[in-house]
Amino acid sequence: MMWAAVILLTTLLPSTSMPASLSLWELLSFDSFAHAGMFCVLCFLMIVGFSKQYTSLTLQRNPVRYSLLISTLFGVTIELLQYFLVYGRHGDVLDVIANTSGCLLGIVFFKWIYEW
């Protein structure tokens, strides 16, 4: 929960150094790797938390599926908030791709650490 709050705070703060144009090469930028890294950690922590909790058996039995769904929707929601509400920030499809890639990488790390 705290990590999600950190992501929300850092992505919704106004920024003065946003790029004016978009290109596919920006997917390989530091910003994209930062997005992927934050969402990798988020999805990984969510999977671990869901698999170790005992309140909801649905979450415990399907932690990867629900973590991917929730963290991806969280990333899309942040980009929509940036696009429509936050002055000085711009929602970006490439950021959604980076966020989702980070979520998928978090699943790979979870499988690598806990299952392989």
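**Helix packing**

I am working with a predicted model, where local features need pLDDT of at least 70, side-chain atom pairs count only at pLDDT 80 or more, and totals for chains, interfaces and linings use all residues. Residues are numbered from 1 along each chain as its sequence is written, and side-chain values use heavy atoms, with hydrogens and water left out.

Helix α4 covers residues 63-84, and it packs against α2 at an angle of about 145°, with the axes 9 Å apart. Axes are lines fitted to C-alpha atoms over the stretch in contact, and angles run from 0 to 180 degrees between N-to-C directions. I listed the contact residues (heavy atoms within 4.5 Å). From α2 they include Phe39, Leu42 and Met46; from α4 they include Leu68, Ile70 and Phe74.

**Val41**

I found Val41 in helix α2, residues 30-52. Helices are DSSP runs of H or I, at least four residues; strands are E runs of at least two. Val41 is partly exposed, at 33% relative accessible area (buried is under 20%, exposed over 50%, partly exposed in between, with a 1.4 Å probe and protein chains only). I also checked Ala4: Val41 lies 37 residues from Ala4 in sequence and 9.6 Å away in space, C-alpha to C-alpha.

**Whole chain**

I counted five helices and zero strands. Of the 116 residues, 34% are buried.
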